[in-house]
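Please read them alongside the model.

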Amino acid sequence: MSAPTPETDTTSDSARASLEALRTEIGKAVVGQDPAVTGLVVALLCRGHVLLEGVPGVAKTLLVRSLAAALELDTKRVQFTPDLMPSDVTGSLVYDTRSSEFSFQPGPVFTNLLLADEINRTPPKTQSSLLEAMEERQVTVDGTPRLLPDPFLVAATQNPVEYEGTYPLPEAQLDRFLLKLTVPLPSRPDEIQVLTRHAEGFDPRDLKAAGVRPVAGPAELEAARTAVAKVSVSAEIAGYVVDICRATRESPSLTLGVSPRGATALLSTARAWAWLTGRDYVTPDDVKALALPTLRHRIHLRPEAEMEGVTPDSVINSILAHVPVPR
């Protein structure tokens, strides 16, 4: 493999510096939640999608809006409800009386960052309307495929404590999300800072007034994706990822382990994390750092294990502690 040119190094370093500045910029609107910010950036680098799980009021919507503002990307929000129709998401054909023809009216999915709020409150028919968009980066209406903008990321939210009247996402659809990020309640100092900001006049609906400015854009994001694609992966690291995923399929606590798609997802996120931390090769620590958010939604607990208090995270942590680490 030929060594990278100085110009390539400079472009990669500049893109990395721009994306690292996101934390500071988003921090002007969102207190804490650095892991969620990092996860969203990793998903953008890997062309993946994110499932955000947290109770109402922990700034999930504000987080996505702030990310879009700091990256100068278009964003739209859809509140998923039981009566939402697939065409309300993807768009539909509308009859134009002036031209006596049908024209396509794009739905909110035609954006860069789509916030699918409370995705588990809408029936499977509408949930599935996102599948083609997430996987193929296009929407087909009346037999005609229409490409979505690039970059395109779905950030879907769900409430982990209120399940009445919801439609849980099936495993096949959960597997389409690159990451599942938990958005926890803030610590006491962070919550005090939130209240102090509001007392000083902070308005979450006015990000410009909060000082959030674009620090990167599609060009920097594309340069970063190109650099991530050049991060090298040794045979030992590839074997380590496979061993972790195969161990989930043999775990007595699980009825469903990680699929090969999950293994490729873990490798992709580990490469993105390695690049973000300034390296052009993946280490076992990179794999461990992204194992929980990449795999926790791809496994299914046995009912008896769930009754005993076992969680997906505890199963994955146990596997990470027992699978031999390559040297």
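At what angle do helix α11 and helix α12 pack, and how far apart are their axes?

1. Helix α11 (residues 260–276) and helix α12 (residues 284–295) pack at about 130°, with axes 8 Å apart. Axes are lines fitted to C-alpha atoms, for helices over the stretch in contact, and angles run from 0 to 180 degrees between N-to-C directions. The two helices are therefore oblique to each other (angles under 35 degrees count as roughly parallel, over 145 as roughly antiparallel, 65 to 115 as roughly perpendicular and the rest as oblique).

2. The contact (heavy atoms within 4.5 Å) involves Gly262, Ala265, Leu266, Thr269, Ala270, Trp273 and Ala274 of α11. From α12 come Asp286, Val287, Ala289, Leu290, Ala291, Thr294 and Leu295.

3. The model is predicted: local features need pLDDT of at least 70, side-chain atom pairs count only at pLDDT 80 or more, and totals for chains, interfaces and linings use all residues. Residues are numbered from 1 along each chain as its sequence is written, and side-chain values use heavy atoms, with hydrogens and water left out.

4. Helix α3 (residues 60–70) has eight of its 11 residues buried, so it is largely enclosed by the rest of the structure. Among the buried residues are Lys60, Ser66 and Ala70. Glu72, which follows α3, has a positive phi, near 55°.

Notes: Helix = DSSP H or I, 4+ residues; strand = E, 2+ residues; numbered from the N terminus. Buried < 20%, exposed > 50% of the residue type's maximum accessible area, 1.4 Å probe, protein only.
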